[in-house]
Amino acid sequence: MATGRGHRVDDITSGATGSGFLAPRKGRSIGFAAERRRVLVTVVHEEGIIYTVNMLILNKTAGVFSKPSKRNMYEFLRSFNFHPGKLFLHKLVLGIETSCDDTAAAVVDETGNVLGEAIHSQTEVHLKTGGIIPPVAQQLHRENIQRIVQEALSASKVSPSELSAIATTIKPGLALSLGVGLSFSLQLVDQLKKPFIPIHHMEAHALTIRLTNKVEFPFLVLLISGGHCLLALVRGVSDFLLLGKSLDIAPGDMLDKVARRLSLIKHPECSTMSGGKAIEHLAKQGNKLHFDFKPPMQRARNCDFSFSGLHHVIDKMIMQKEKEEGIEKGQILSSAADIAAAVQHTIACHIAKRTHRAILFCKQRDLLCQSNAVLVVSGGVASNLYIRKALEIVTDATQCTLLCPPPRLCTDNGIMIAWNGVERLRAGLGILHSTEGIRYEPKCPLGADISKEVGEAAIKVPRLKMKI
Ligand code: KG4
Ligand code: ZN
């Protein structure tokens with residue numbers, strides 16, 4: 001093994017460990033380790049370098065930092081300490097997420113090790129203003145992005161030059177928010193001369209499960225969040241069939257609106273919770289049978305969703321209750337917990353029914369694995385345990401396996417973006433070596449839309465007892 005400026009080193013795998021770091025193995029000669037350290041010092045300090053599983057490739061190198069186009073980015077990159085003595089065996093992807101109200105970043109290696117992550121949530125600010133105000137979100141992203149990326153990289157002990165690629169959410173999302181992540185990333189990519197991997201936020205949510213569980217394609221995914229409600233068949237890293245979606249607002253959006261209307265921010269137990277979380281929390285203290293909200297779209301035999309009609313009905317009910325209880329808008333109803341329980345139950349039944357139909361459709365068309373059909377549920381609303389229980393009833397009845405990422409990976413985070421970058425890197429899909437003409441896309445569908453075909457199949461879903 002030899003190295004030096006401008007040379008290519010072909011094999012450094014002999015010290016491989018499962019951790020993602022290349023460390024000397026027990027029993028190896030000191031000389032070998034010393035040589036490797038020498039290699040490291042030389043390379044990491046003087047050359048840009050990419051370490052891969054079987055190869056160590058010297059990058060085009062020097063000059064990467066010498067002509068910064070933007071002073072800030074230069075200062076930023078200079079602030080990193082390098083870590084001689086540590087050699088990364090696997091490809092490393094930095095993921096950056098700013099599509100909505102979380103500024104998040106993470107470094108993940110190609111085996112799925114999360115080496116570092118950081119997140120700044122804007123939830124508290126937006127709770128106070130009663131919803132996300134895009135210019136406010138943009139400003140907060142601007143204020144935090146550099147620190148968050150720095151924290152993720154520092155936690156990972158990876159220097160920017162060691163990254164194999166930078167993956168960033170560019171669609172769909174709030175235009176002003178997406179713009180911050182994209183322009184920061186493009187500067188970074190430009191300075192570091194690294195490949196750029198544009199990420200579809202919903203695809204990233206969908207594939208997160210492959211980081212935590214061994215899940216093969218194809219599988220069915222239900223994505224339920226503040227901005228989305230989608231049912232899709234995932235056939236590959238970037239191969240999705242859209243079976244159904246919300247025709248109006250997303251369930252998280254509706255829960256946020258209802259929580260706001262119920263003034264749950266003033267509730268001592270819920271003041272710092274997102275709307276959906278507050279509803280889930282309060283629902284535990286309520287009786288769902290005190291209100292009878294009908295699940296939407298009962299006659300439409302497709303896999304689409306709707307929440308705004310139900311939202312309207314709940315709004316009217318809250319107004320009526322305020323009158324009955326003789327309280328002003330902005331005060332907390334004594335029946336708030338019962339309303340929360342009934343709303344949560346109705347949403348859960350609606351989501352469960354549409355998902356049940358999607359499973360039956362996939363089974364009818366032989367689109368899922370016969371022996372082990374998998375339903376993955378993700379997105380912020382998927383952290384709701386009541387909704388998960390409803391979905392479990394469906395998967396039990398249809399002999400499917402229900403899988404959900406852990407709650408912190410269901411909500412927006414940088415790990416899912418970095419992981420999607422890893423998936424794309426491994427599959428060789430969508431890796432850009434030039435970022436010319438790259439734009440963010442606030443609206444962007446997920447995969448090929450076959451929802452019409454699903455509706456035409458008009459599958460009748462057997463009634464299930466929703467005893468949750
Ligand atoms: O995926 P996410 O973090 O952001 C996007 O919308 O992309 O989801 C946030 C949404 C919010 O609407 C929030 O109210 C909802 O997820 N949420 C929940 C829960 N935790 C967060 N909804 C129901 N139950 C929860 N426990
Ligand atoms: Zn999301």
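# Strands, ligand shell and pocket in a predicted model

In strand β7, Ala118 is the bridge partner of Ala105.

Strand β6 covers residues 102–109 and strand β7 covers residues 114–121; the two run antiparallel and are joined by 7 bridges. Strands of a sheet pair through backbone hydrogen bonds, either parallel or antiparallel. The hairpin of β6 and β7 has 4 residues between its strands, and Gly112 in this hairpin takes a positive phi near 100°.

A further group of strands forms an open sheet. Its 6 strands follow the order β14-β13-β10-β11-β12-β15, and their pairing is mixed. Because β14 (401–403) and β15 (448–449) stand at the edges with a single partner strand each, one side of each has no neighbour in the sheet. Within this sheet, β10 (residues 219–224) and β11 (residues 229–236) run antiparallel and are connected by 6 bridges. Leu222 stands opposite Leu231, which lies in β11. In a regular strand the side chains alternate between the two faces of the sheet.

The loop between α7 (209–212) and β10 contains Pro218. The peptide bond that leads from Phe217 to Pro218 is cis, and its omega is near -5°.

Two other loops hold residues with a positive phi. Met297 is not a glycine, yet its phi is positive at about 55°; this residue is found in the loop between α9 and α10 (308–325). Asp366, also not a glycine, has a positive phi of about 60°, and its place is in the loop between α11 and β13 (374–378).

The report now turns to ligand 1. Which residues come nearest to ligand 1? Of the 21 residues around the ligand, these are Gly226, Asp256, Gly276, Glu280 and Gly380. By class, the shell divides into 3 nonpolar, 14 polar and 4 charged residues. Helices α6 (201–207), α8 (251–261) and α9 (275–283) each contribute at least two residues to this shell. The largest share, 4 residues, comes from α9.

| Residue | Protein atom | Distance to an oxygen atom of ligand 1 |
|---|---|---|
| Ser225 | polar side-chain atom | 3.4 Å |
| Asp256 | N or O atom in the side chain | 2.6 Å |
| Asp412 | backbone N or O atom | 3.1 Å |

Ligand 1 on its own has 550 Å² of accessible area, and the protein covers 91% of this area.

How much space lies in the second largest pocket? The space amounts to about 600 Å³. This pocket is lined by 25 residues, of which Pro295, Gln298, His345, Cys349 and Arg463 are the closest to its centre. Helix α11 (residues 336–364) gives the most to the lining, with 9 residues. The lining consists of 13 nonpolar, 5 polar and 7 charged residues.

Conventions: Residues are numbered from 1 along each chain as its sequence is written. Chains are lettered from A and ligands numbered from 1 in the order in which they are written. This is a predicted model: local features need pLDDT of at least 70, side-chain atom pairs count only at pLDDT 80 or more; totals for chains, interfaces and linings use all residues. Side-chain values use heavy atoms; hydrogens and water are left out. A residue is near a molecule or strand if one of its heavy atoms lies within 4 Å of it. A polar contact is a pair of N or O atoms within 3.5 Å; within protein, one must be able to donate a hydrogen and the other to accept it, and residues adjacent in sequence count only if both atoms are side-chain atoms. Accessible areas come from the Shrake-Rupley method with a 1.4 Å probe; for residues, only the protein chains shown count as cover. Ala, Val, Leu, Ile, Met, Phe, Trp, Tyr, Cys and Pro count as nonpolar, Asp, Glu, Lys and Arg as charged, and the others, Gly among them, as polar. On a 1 Å grid over the protein atoms alone, a cavity is a set of points where a 1.4 Å probe fits but cannot get out, and a pocket is an open set with protein on both sides within 12 Å along at least five of seven lines; lining residues have an atom within 4 Å of a point. Grid points are joined across faces, edges and corners, and a volume is the space filled by probe spheres set on the points. Two strands pair if DSSP finds at least two bridges between them.
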